[in-house]
Amino acid sequence: MSAVKKNYVVETLRKAQMVELLAKGKRVDGRSQDETRALKIETRLIEKANGSAKVSLGNTQVIAGVKVATGTPFADTPDRGVLMVNAEVLPLASPYAEAGPPDENAIELARVVDRGVRESEMVDLSKLVLIAGKSVYTVFVDVNILNVDGNLFDATSYAVVSALRTAKMPKFEADGEKVANTGKLMPLPVQKTPVSITMARIGSIIVVDPTAEEEAVMDARITFTTDDEENICAGQKGEAGTFTPAQVMEAAEKAIRKGRELRSVIKEATG
Amino acid sequence: MPLITRKQVIPGDVIASGDYRYGSYIEKRGSDYIALRIGLAEVSRDGVKLIPLTGPYIPHVDDQVVGKVIDMSGFGWEIDINSSFFGYLPASFVFGREFSPATHDLSSKFKVGDLLLCKIEAFDRSRDPQISIRGPGLGKVPEGEIVKISPTKVPRLIGRKGYMVNMISAQTGCELKVGQNGLVVVSGPPEGILKAANAIRMIEEEAHLADLTTKVQNYLGAEAQGGE
Amino acid sequence: MENKKKLISDDGVRTDGRRWNELRPIRMEVGQLKNADGSAYIEFGKNKIVAAVYGPKEVHPKHMVLPDRALIRCRYHMAPFSVDERKNPAPSRREIEISKVIREALEPALIAEDYPRAAIQIFVEVLQSDGGSRVAGITASSLALSDAGINMRDRVVGCSSGIVDGQVVLDLNDTEDKEGSGDMPVAFMPNLNQVTLLQVDGIYTPENFRKAFELAMTGGRMVYEMQRKALLEKYFGASPSETAMEEEE
């Protein structure tokens with residue numbers, strides 16, 4: 001119900017309170033530095049989609065839907081299926097969001113999440129070919145953000161991963177030059193569970209899973225995605241601030257450790 | 001003692017039929033009195049009243065509000081007062097009549113992010129609310145925590161003649177500055193702030209219950225005894 | 001001659017097992033989005049729709065400000081995964097038209113004069129669509145507007161009816177909408193007895209038109225009661241109560 005400016009202004013007193021608490025290893029919502037918020041994952045809620053997942057990470061709420069069809073492969077990868085991740089911060093998600101085509105933040109969000117899924121080879125795209133060079137499965141994952149309270153990167157990633165893990169796609173068969181729907185359903189060729197962990201640097205402290213308030217005062221942000229072998233398969237530093245090399249290594253270590261924790265949570269929710 | 005009928009109503013509900021005096025959030029249609037909001041309706045021989053449980057803050061002249069400085073131009077500060085309009089605090093109200101942008105630096109007084117306890121000086125349907133800090137206790141808030149509640153719950157938080165807010169203050173050792181716009185600044189000892197914040201949230205969640213005063217009393221009283 | 005599939009069996013059973021005057025299962029929830037000033041979620045058969053309200057708030061761009069009342073805005077949008085064939089996220093002509101009719105369905109209920117120079121923004125986001133999404137969206141929007149505390153003369157409720165295999169039926173599902181011979185979404189304010197949305201698609205004899213219209217209103221009144229329960233439950237945790245009490249000091 002308020003008039004709003006472009007950006008969220010955190011009260012100076014509140015920022016001082018946050019910094020004071022951080023010096024003692026605590027955050028304003030009672031969490032410790034490395035603690036993530038409560039994570040809820042609900043899958044298979046949109047029957048018309050081949051796969052879907054609704055994720056709440058604290059108050060950040062997102063919903064992902066998977067649609068699988070057939071189409072032509074990309075010219076440079078004729079022997080692989082198509083996978084595309086798209087994200088949209090719905091204007092109803094925050095007083096600061098506007099309707100319209102995705103802005104640079106939404107595009108960065110979609111591309112970073114896409115890279116995490118793609119580089120980890122979560123979905124074996126080579127198994128999504130029907131007629132090499134001509135006809136492949138096309139997997140579209142669309143994410144709609146319903147409520148913004150920080151860390152859209154991780155919430156979006158968990159929703160995409162959960163939706164892909166629980167999707168049921170139509171099975172097609174090549175019939176000469178054409179492909180036909182057999183009417184049967186099968187899971188996607190999923191072989192990995194990449195986990196994204198996003199951190200914010202506030203002063204000299206690096207906190208995991210920032211809220212919108214913490215993002216409003218942070219100096220810089222970093223996201224690392226790890227795969228089941230605990231390799232880092234994607235990373236992105238964001239915002240105009242910096243990290244020292246030591247802080248980068250600290251963040252990478254946290255991403256591996258928390259990634260391990262959250263991988264079992266996601267696997268259990270989507271088993 | 002005279003009787004009041006209390007009813008839980010939602011928009012479109014008929015609260016009463018007949019001939020009554022009536023207040024805000026109610027529309028008279030023929031002899032029916034219709035609720036325009038979700039709230040608690042009261043019908044007594046004094047009339048039909050509706051206490052809303054949800055809704056925005058609409059500024060009124062002389063309201064005390066807690067505002068946040070979000071921008072400044074050469075001639076004043078733009079204040080977020082949690083309404084559909086930003087408030088405007090003219091630099092001349094703070095620096096005096098001799099104010100000139102060439103010689104006075106606005107940020108020497110208030111910066112973006114500062115919280116102000118201020119007053120709605122002027123507001124009408126043709127312009128944005130004008131803010132002033134003229135008055136006892138008004139000005140920059142130097143310390144404390146902010147608790148945000150729905151503006152419709154502020155009367156309950158204050159209580160009849162300040163009973164509720166004074167009780168919270170006394171039992172927690174904290175000072176509470178209540179803005180009509182739903183922002184409350186709580187300052188004092190850390191344990192006191194925690195108790196006060198909890199009491200405020202309790203009032204927000206249970207404003208519609210009749211025995212709220214007793215509940216809050218028990219919460220605060222019991223805590224105080226336990227601490228001894 | 002093509003053998004057209006029957007949408008209603010000989011003993012009056014529709015494709016989803018309902019009879020001619022039965023509503024689909026409906027579920028309503030209020031206030032689940034933290035940032036919006038008001039919100040609601042509705043399931044109307046397979047429709048899954050979120051409605052959210054922001055307002056009163058500042059008008060952007062400034063030149064659109066109305067001096068004596070609020071500017072009402074509405075955006076109806078379908079998620080790409082909400083329909084059988086993935087839909088491009090960019091707004092289609094259909095979505096733009098529906099945004100307009102939903103706004104015009106809700107505007108008569110809002111007391112816009114109470115919020116001069118401000119804007120009230122309504123969002124209807126369809127997560128899954130299965131026929132009748134606009135009337136479900138209107139129903140959810142009324143809940144969201146009530147949740148936001150915008151002054152309303154009455155709640156608006158929506159319901160559709162149509163013609164399937166020559167019969168007038170209530171609340172069309174997606175199959176009936178696509179393969180039937182008539183679709184009529186209706187929205188109205190029951191206490192004021194005013195119709196705020198009416199769209200007619202198909203061929204109706206005057207008799208069928210009257211039947212279909214009245215059926216939609218009857219269905220709408222049932223949905224109106226469900227709205228009431230959903231709001232009371234969210235705000236008071238129970239069914240409506242009325243208590244007589246002594247006057248406080």
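Let's start with C:Asp171, which counts as buried, with 28 C-beta neighbours inside 10 Å. The phi of C:Asp171 is near 60 degrees, a positive value in a residue that is not glycine. You'll find C:Asp171 in the loop of chain C between strand E7 (167–170) and helix H3 (174–179). Helices (H or I, at least four residues) and strands (E, at least two) are DSSP runs, numbered from the N terminus.

A quick word on what you're looking at: this is a predicted model, where local features need pLDDT of at least 70, side-chain atom pairs count only at pLDDT 80 or more, and totals for chains, interfaces and linings use all residues. Residues are numbered from 1 along each chain as its sequence is written, and chains are lettered from A and ligands numbered from 1 in the order in which they are written.

Now, where else in chain C does a residue other than glycine have a positive phi? At C:Arg117, with phi near 65 degrees. C:Arg117 sits in the loop between helix H1 (93–106) and strand E5 (119–128) of chain C, and is buried too, with 21 other C-beta atoms within 10 Å. For background, most residues other than glycine have a negative phi, and most peptide bonds are trans.

The peptide bond from C:Gly55 to C:Pro56 is cis, with omega near -5 degrees, and C:Pro56 belongs to strand E3 (residues 47–57) of chain C. The bond from C:His60 to C:Pro61 is also cis, with omega near -5 degrees. C:Pro61 is in the loop between E3 and strand E4 (71–78) of chain C.

Next, the partner chain. How many residues of chain A are in contact with chain C? There are 29, and they meet 27 residues of chain C, where contact means C-beta atoms, placed from the backbone, within 7 Å. On the chain A side, strands E3 (60–71), E4 (82–89) and E6 (135–147) each give two or more residues. E6(A) provides the largest share, five residues.

Finally, chain B is divided into domain 1 (5–52), domain 2 (64–140) and domain 3 (145–227), with bounds from an automatic or database domain assignment. The centres of domains 1 and 2 of chain B, taken over C-alpha atoms, are 38 Å apart.

How values were computed: Buried ≥ 20, exposed ≤ 12 C-beta atoms within 10 Å, placed from the backbone. Contact = placed C-beta atoms within 7 Å.
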